[in-house]
Structure formats: structure tokens, C-alpha cells
Amino acid sequence: MVDLTGNHEVKAICPRCKGNGYIRVQGKQMNCPQCDSQGWVMLPAYQCRINIEGGTEPRWMKSGESI
């Protein structure tokens, strides 16, 4: 498990492309500029949470999961 306490950085799912590495702009597919098409970004641990699948994502990312 990832330690989400403190101010260190952790690898999290990219909130812009949601881990796909690409986004759609005006109907065209292009590489995600936020994560450089990697699907993940480094964020401070206190801004992240563990999602239902066990991955790390930003707290503000709406995942639509139900428990």
C-alpha cells in the first residue's frame, strides 16, 4: 500500500486523461499534455486517495465508484 500521510509525492492517475494518455479536443484525439501521455502524474500524498480498484488517484477526481 502507498503511504498517503505527509507531504511526499506519490504516483497517481492523471486527472485530465484518466490514465489513458490521450484526450479528445474538438473531436480529435491528441496526447495528454498534463502527463505527457504516460497516464500518471506525481502529486503530494495528502491530495490523493486510494480508489476502489486499489489505485492512487487525486481526491478531487470524480471516479463514480459505489461501495
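I looked up Cys-35 and found that it touches Cys-14, Cys-17, Trp-40 and Val-41, not counting residues up to four places away in sequence; contact means heavy atoms within 4.5 Å. The model is predicted: local features need pLDDT of at least 70, side-chain atom pairs count only at pLDDT 80 or more, and totals for chains, interfaces and linings use all residues. Residues are numbered from 1 along each chain as its sequence is written, and side-chain values use heavy atoms, with hydrogens and water left out.

I then listed the largest nonpolar core, which has twelve residues, among them Cys-14, Cys-17, Cys-35 and Val-41. Such a core is a set of buried Ala, Val, Leu, Ile, Met, Phe, Trp, Tyr and Cys residues joined through side-chain atoms within 4.5 Å. Buried means under 20% relative accessible area, exposed over 50%, and partly exposed in between (1.4 Å probe, protein chains only).

I turned to Ser-37, which is partly exposed at 34% relative accessible area. Excluding residues up to four places away in sequence, Ser-37 touches Gly-21, Asn-31 and Cys-32. Its side chain reaches the backbone oxygen of Gly-21 at 3.2 Å. I also noted 8.5 Å between the C-alpha atoms of Ser-37 and Gly-19, which lie 18 residues apart along the chain.

Last, I searched the whole structure for salt bridges (a side-chain nitrogen of Lys or Arg within 4 Å of a carboxyl oxygen of Asp or Glu) and found one. The side chains of Arg-49 and Glu-57 form it, at 2.5 Å from N to O. Arg-49 is partly exposed at 21% relative accessibility, whereas Glu-57 is buried at 2%.

Key. Polar contact = N/O pair within 3.5 Å; in protein donor to acceptor, adjacent residues only side chain to side chain.
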